[in-house]
Amino acid sequence: MAEPIPGPPGLPLLGNLNDIDPGDSMSSLSRLADTYGPIFKLNLGGEDKLFISTHELMNEVCDEKRFSKTVSGPLAQIRNGVEDGLFTAYPGEHNWEIAHRVLMPAFGPISIRGMFDEMHDIASQLVIKWARFGPKEKINVTDDFTRLTLDSIALCAMDTRFNSFYHEDMHPFVDAMVGLLQESGARARRPAVATYFMRSAQQKYDADIALLKQVAKEVVAERKANPNDKKDLLNAMIKGRDPKTGEGLTEASILNNMITFLIAGHETTSGLLSFLFYNLIKHPAAYQAAQRQVDEVVGRGPIKVDHMSKLPYIEACLRETLRLTPTAPAITVQALPDASGSNTVSIAGGKYEIKAGQPIICILPKIHRDPAVYGDDTESFTPERMLDEPFSKLPNNSWKPFGNGMRGCIGRPFAWQEAILTTAMLLQQFNFRFDDPSYQLHIKQTLTIKPKDFFMHATLRENVDPVYLEKLLHVDVSKDGSATGKDRKIESSMSPGLPKKPMHILYGSNSGTCEALAQNLARVASGRGFHAQVEPLDSAVGKVPKDQPVVMIASSYEGQPPDNAAHFFEWLQNLQGRNELQGVKYTTYGCGNHDWVSTFHRVPTLLHSGFESHGATKIAEIGLGDVAAGDIFNDFDKWQDEQLWPALGEKGDAEDESGIEIEVDTDSRRSRLRQDVKEAVVVSNKLLTAEGVPEKRHIVLKLPSGMTYKAGDYLAVLPMNNQKNIRRVLKWANLPWDAMLTIKTGANTTLPTGHPISATDVLGAYVELSQPATRKNIARIAASAPDEAVRSKIMALAGKDFEKEILAKRRSPLDILEEYRSAALPLGDFLAMLPPMRIRQYSISSSPLADPTTATLTWAVLDTPSKVADSKRFLGVASNYLSSVEEGDRIHVAVKPSHGVFHPPNDIENTPVIMFCAGTGLAPFRGFVQERAMQIQAGRKLAPAYLFIGCTHPEKDALFKDELTQWEKEGAVKLFYAYSKVSELSKGCKHVQDRLWAEKESMVEVFNKGAKLYVCGSSMVGEGVASMTKRIYQDSVEANGGSKSDEEIESWFQGIKGERYASDVFA
């Protein structure tokens, strides 16, 4: 007997309208597929529709003997604008058959090859525009690729120039097209009767359609008035005859297909190119490989049509981009009546029965991620899997971005040549980097999808200037004696009267610490005779300065470079030749965290050694700091004084460091907030623990529109300093609460410059007030004291008792200034001492399957007596900020994807899960288990899951105990507790590793069935579980009569890390 097709319950009249996000419906559908499985049903617009998400079902519905394309939903509404064009015609429509046979030759290989020069013409306009913009201009990626592809299809297919690169605004056709697609999508989602009450929407819809038809009419009229023999698409439509019937296209059919080609011919390709460059910038190894292939195949000369077939890695990148983000993200088919004429058809081997004619929407982003085809790394951008040989071995119908069969995309060859050409030209001439290094992909959807809010910077390679570049695009100058751009004299931007020597400071920073060190160094350098330019490392790819000292400041994140240093790191790793950096004078300072033993300082160490191995001259030994030790700023000061400045032959003391020049205005107010995060609204904020144990809380946040996450991800919070600490600064500085500060433009600082900003905003949102003072900070404060005795007392804090009095007590500059009131430190100098406010990352403790619009955090509140004075308290900045917000408040957040495999497994039906945590380390696993509960409630059958939880007492801090117990009853998880204060209630086990040992027999059995292990908690929890895992492995080996050395056991453990063992530990 056939099984019922699952799906969420609908509402009267609305059906499942509320289950779909109209701004990003594909994310909603993917989430429903995760919840309900390979096939589910929704009622949309009064019609039951089926959705499939696996290759197995996709392969079945691609059988054109049993299934055919159907025009329904948004596609049916688009017929209002283009009627029976090639894309929107119903199966069997006569005009489609005529047009298809007439136009197929126009997209043959010879025709497409003949369009190359015109494609190159338009692509050259894009290259010249970006070259003239310069490296600091923010490029709107999707807008410019839309200009490119619209102008290309217009010129190549219709000999019409829209000249989009010569106008500030987009061609009106684009706005009208977007209006048609958006409103057609909206009409498909809502009941038909609702349209009658939306007059303004109807008027705009009609106006958009009229404009599209007017543009098409003008193009056709121009050609008819000035006929030519060009073998392009427009002449094929006007003059072509169907070889089967002898008929030509009707006037209406010509206009409908003109609009169709103008839309389809540019919209999806611009999305493809935008997604491609997002992927390339996000994955530096792929970027470097693609650029290297262009350099090897094309060199510095112009790209020619013969190069198009010689760039297989770029083709692989395009295929992989379309796998992950097919720009036309869905195909809709319908079942045909079976051989007996029955309207009931079986699919999936008889498991389900469907009605003939019922729409079946194939969710391509999920089908293209089927682990049965693409493995466990299905979410990763891996072009190598799409090289010609492995691509040819993919199962049939596992990659379908261009549609299926007879109704597949007729313009695929055109789009492919255009994409390869554009990519090659851009990689040949530019290096690219994100405008926001932490940008995470967001989707803008009409009928197609594109990246949302994606901006980048383009820097010309080889120091070629825009004028010389125009010659390069058309003439091979690599063999003539022409002067290159790098030979041109470049005037200094510094005024002739400035005596300061140049210096370049390049930083790689995610959390802001290394950027703060770079700005600090630039201020110090100014007092020592240098004019320092501070830039991210990625801005220096291929152009490291050779006429000045270069200081690199970078960190490691689990052994990987920061977001704004990833391309530089990859470029250096792939640099060929021992003398590529000859003439560069450099040194390096690295930040790391000793909790990551195997990758501690990996990135800065490799940067330092990489420069030396390629011929650069080291001017000072590498400096290395440990952020986990809590003294990174003082360590950096020490390295400067003992290594950097002596090596540069500079003398001076802390008084040489310049402060920040500011103006104080107490008469007006305004507020500016950070831009790298977005506003979330607090839904609830509650206490989870009883009295007598450390406070732990749980907050529910309504996420900003477009912000998405997966179970296991982090939420970064940009906190505010506690009001008590802000008042302390205002009191010390004798400032009223509404004082305004204007920081002079050009200051080496991450603070807002050039406009007034309130002192409370600066002190609350932009700086860390509790950071321990450095020795240099102390010397600066001491120098501001007028009394010699006071100066001596302050300086003593920087002496032999520094660690005891400053670091151990976490004594901040503010603490010292409050204690020594006579110190007259200028406010600008005080602000210059403070590092920028850092975001704090918390594991999300919810699943988007429960509610994609909300995310929850679970954390411990840090509020302890201060070691500086009994009357003060040490308040954790972010934990106390979060504990203070209430329902309706707005906070600034950003989703940060978790690294590695810290997500539920892809194959949830066959992969068991074992989780270990203590305290608020439970947070991500609550999200894991909540997700499993949602899937079980939807009818999914999952492999088992086991959760080991460490806490003190079942009645005091067993977080979410009732909720977890209910999920355990539903079969989502099996719970194992370890109570440190009442271990008799947990089999005598005080810690989770003890409970693991107690349950080792059953857990070994589960592990041998392919289980994945996850650990979250303090470093003690991580070390405890890791040690116990190795002990159990050794015990298992010995129980089977074998033996392993400590080295062999460690080798085994390292082998499962990253594949079957994922940890997320914190201090």
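Contact here means heavy atoms within 4.5 Å of each other. Keep that in mind as we go through this predicted model, where local features need pLDDT of at least 70, side-chain atom pairs count only at pLDDT 80 or more, and totals for chains, interfaces and linings use all residues. Residues are numbered from 1 along each chain as its sequence is written, and side-chain values use heavy atoms, with hydrogens and water left out.

Let's start with Asn235, which sits in helix H11 (residues 233-239). Helices (H or I, at least four residues) and strands (E, at least two) are DSSP runs, numbered from the N terminus. Setting aside neighbours within four places in sequence, Asn235 is in contact with Arg223, Asn228, Asp229, Lys230 and Gly240. Its relative accessibility is 7%, so Asn235 counts as buried. On that scale, buried means under 20% relative accessible area, exposed means over 50%, and partly exposed is in between (1.4 Å probe, protein chains only).

Once neighbours within four places in sequence are left out, His608 touches Tyr586, Thr587, Thr588, Lys618, Ala620, Glu621 and Ile622. Take Tyr586 from that list: it is 22 residues from His608 along the chain, and the two C-alpha atoms are 8.3 Å apart.

Now for some helix packing. Two packed helices are described by the angle between their axes and the distance between the axes. The axes are lines fitted to C-alpha atoms, for helices over the stretch in contact, and angles run from 0 to 180 degrees between N-to-C directions. Helix H10 (residues 199-225) and helix H12 (residues 251-282) have axes that come within 9 Å and cross at roughly 115°. That makes H10 and H12 roughly perpendicular to each other; angles under 35 degrees count as roughly parallel, over 145 as roughly antiparallel, 65 to 115 as roughly perpendicular and the rest as oblique. The crossing of H10 and H12 is right-handed. A crossing is right-handed if the near helix is turned clockwise from the far one by less than a right angle, and left-handed if anticlockwise.

Who meets whom there? H10 brings Leu212, Lys213, Ala216, Lys217, Val219, Val220 and Lys224, while H12 answers with Glu251, Ile254, Leu255, Asn256, Met258 and Ile259. Sorted by class, this contact has eight nonpolar, one polar and four charged residues. For that sorting, Ala, Val, Leu, Ile, Met, Phe, Trp, Tyr, Cys and Pro count as nonpolar, Asp, Glu, Lys and Arg as charged, and the others, Gly among them, as polar.

Helix H14 (residues 312-324) and H18 also pack, at an angle of about 115° with their axes 10 Å apart, and their crossing is right-handed. Ile314, Glu315, Leu318, Arg319 and Leu322 in H14 meet Trp416, Ala419, Ile420, Thr423 and Ala424 in H18. The class tally for H14 with H18 is seven nonpolar, one polar and two charged residues.

The loop between helix H17 (388-392) and helix H18 (412-429) holds Cys409, which is partly exposed, with a relative accessible area of 42%. UniProt lists Cys409 under "binding site" in an unreviewed entry.

Finally, a look at backbone torsions. Most residues other than glycine have a negative phi. Leu13, in the segment before helix H1 (25-36), has a positive phi near 70° and is exposed at 79% relative accessible area. Lys987 also has a positive phi, of about 55°; Lys987 lies in the loop between strand S32 (974-979) and helix H34 (992-998), and its 58% relative accessibility counts as exposed.

Definitions and conventions
UniProt positions are given in the numbering used here, feature names are shortened, and annotations may be inferred rather than shown by experiment.
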